[in-house]
Amino acid sequence: MPPDIELLPNQPESSRPVFANEQEYAEFRESFVNEVIPQQQEWLEVRRRSEEQARQRFVR
Amino acid sequence: MITNQQSIFPIVTFDAADSWDSLLTLVKPELDAKGLKRLKQVLEGKCQCVVVERHYIDKDYRDTFSNFHSKRFNTPSSRCVRLHFFSAPITEQAVAFGDAAAKKAYLGYSVIRPTKPNCVGRTLLSHVLRVNPSAHLSACDEEVHLMGAPLDVQGFPFISQDSDATVCAEAALWMILRYYSNRYPWYSETLPFEITSLTADHAYGMRVCPSGGRNSWQLAEGLRLKRFSPVIYSREEIDKRFPGQFDHLLYTYVESGLPLLATVPGHVIVVCGHTSDYTVAHPGSATQFVYSSHFNRAYVVHDDNEFPYQMLNMDGKKEERDSKFDWKQIEEFIVPLPEKVFLPAEEVKNAIEKVLKDPGVGLAQSAALKDKQILLRLFLTSARSFKRRLHDRGMGNDLVEQAYRQMPMPHFVWICEIADYVEYSSSRKVLGEIIWDATRNAHEPDGWIALHLPERLIMDHGSALNKNQDFRPYDLLMHNSYSLFQSNLHTLNTQ
């Protein structure tokens, strides 16, 4: 079996984790989805309307 | 002085006896006063000598000649004249024998077509001729052969419409497509009539040729057919929902080295660069951070009705050579995103802001950034370009440089540099960055590849090894500011 790959071998990680525990990590992901996705949906609609307008915008 | 006047290659050296007007006589009937005026607007004062190449067979003009002009009762010549511009007087021998001074003095070329009312055909002028010396812009390389000797030029391609087979829509598409095919082998070279024909299946009863114009959706479709994944942004629609974001997005794509099509009333132009003014005041503490787009003041544009490297100012025309348009007249832009950029700029901006504003992992975690006026610079680049400059930039800490070098990354990455506004505005130095995977979709919180703050580097080992997100934090005991990433756009200092 090949050894596990380490991107930074022998480099000690920080004693301070990125998220204190699994629950904090899950909360971060949940709040990301709750905050970001509604904005992304709005942008999707803006781009769709932009494409509609582009069919009417004539250049020469 | 004109030498070799009767030959294929006459040379005009500007002096008391001969000036730009001598070209009108020498390059008759192809060059007219309108065409000469355009060339003078970008070259006058910088060009001292012109080599005229008569009987030049231009691939782009020959393409429209074969498909359109040759079908007329009264046909123009199938040949062109090509003008080569030099910043110093040169001789035939200096060019033919590859003299280093002649190579250094080369400013590029312009093909003069026998088409009226617009005779300026395929043109590539050096970007050192930019109207505003402080502008940053996209540029590609060409090797040009004159009298059998190679000459190099770096700039952004330009062509004017011939008003028959091509109008502004095709001319603008040609400029974008030629830039990409010159620069990246992934994109094939496209000749003008092929561009005219790109929209033939979507003409909806409109004539394809002579071209009467195109709607901008057809321009986007043309880009799609040439291997791009274009996105259309309308100012009106964005202003309704997200005021101010249209100009930010336009800047972000240009800063990413993605030249794009911008429509102004009844016309389309190419935006290929910009210039910023960091003496403009930071908006203050009312906002947590400000983007570098806030300091942008003008775009570098190629308007096929004008001449290369015009400036389109935020607040309109200031000098004779500036574009007659201003920013608010840009109604829409179409960005030719590469195929593997699934995440557009507005979506990555939302995602990145969410991470940076998070009290547990974001900017608040850095003592070095506390009380600083934070400036963010968002751009897209290839992982290859980003990695190529790691060592020169230093990345503030050896560990960061080593980590990024080792880390597998997607082909394209969004980078958001984090800087102290005061330091950035004086020395263009940054303090960290967040890297986001451009192949993610907008709904995934997993796109975050790395976050580098002055005291800490967080890397996602999971995505690097094609596994689930697995963040690893590393303390950075020593940290310096380091230079911003410069590769997407060319400056006069980095040519």
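A polar contact is a pair of N or O atoms within 3.5 Å, where, within protein, one must be able to donate a hydrogen and the other to accept it. In this predicted model, the rule finds 29 residue pairs in polar contact across the interface of chain B and chain A, both residues being at pLDDT 80 or more. Helix α11 (residues 345-357) of chain B supplies the largest share of the side of chain B that touches chain A, namely six residues. That side comprises 33 nonpolar, 18 polar and 15 charged residues.

**Extent of the interface**

- Chain B contributes 66 residues to the contact and chain A contributes 40 residues.
- About 5000 Å² is buried between chain B and chain A, and carbon and sulfur atoms give 58% of this area.
- On the side of chain B, the residues that lose the most area to chain A are B:R241, B:F242 and B:K354, which together account for 13% of what that side buries.

**Links between the chains**

- Nine salt bridges are counted between chain B and chain A.
- One of these pairs the side chains of A:R29 and B:D446, at 2.4 Å from N to O.
- A:R57 also forms a salt bridge with B:E331, with the closest N and O atoms 3.2 Å apart.
- This pair joins two chains, because A:R57 lies in the loop between α1 and β1 of chain A and B:E331 in the loop between β16 and β17 (332-335) of chain B.
- A:R57 counts as buried at 14% relative accessibility, whereas B:E331 is partly exposed at 27%.
- Strand β1 (residues 58-59) of chain A runs antiparallel to strand β10 (residues 214-215) of chain B, and two bridges join them.
- Within that pairing, B:R214 is the bridge partner of A:V59.

**Salt bridges within a chain**

- Over all chains, the whole structure contains 36 salt bridges.
- In chain A, the side chains of A:R48 and A:E45 meet in a salt bridge of 2.8 Å, N to O; both residues lie in helix α1 (residues 22-54), three residues apart, about one turn of the helix.
- In chain B, B:R72 and B:D164 form a salt bridge with their closest N and O atoms 2.8 Å apart, a link between distant parts of the chain, 92 residues apart.
- B:R72 is partly exposed at 37% relative accessible area, while B:D164 is buried at 15%.
- A network of salt bridges links B:D58, B:K59, B:D60, B:R122, B:R178 and B:E189.

- B:N313 belongs to strand β16 (residues 310-313) of chain B.
- B:N313 counts as buried because its relative accessibility is 9%, under the 20% cut-off.
- The side chains of B:N313 and B:D322 are joined by a polar contact of 2.9 Å.

Conventions. Residues numbered from 1 in each chain as written. Chains lettered and ligands numbered in written order. Predicted model: local features only at pLDDT ≥ 70, side-chain atom pairs only at ≥ 80, totals over all residues. Heavy atoms only, no water. Contact = heavy atoms within 4.5 Å. Buried area = accessible area lost by both parts, 1.4 Å probe. Salt bridge = Lys/Arg side-chain N within 4 Å of Asp/Glu carboxyl O. Helix = DSSP H or I, 4+ residues; strand = E, 2+ residues; numbered from the N terminus. Nonpolar A, V, L, I, M, F, W, Y, C, P; charged D, E, K, R; others polar. Pairing = 2+ DSSP bridges. Buried < 20%, exposed > 50% of the residue type's maximum accessible area, 1.4 Å probe, protein only.
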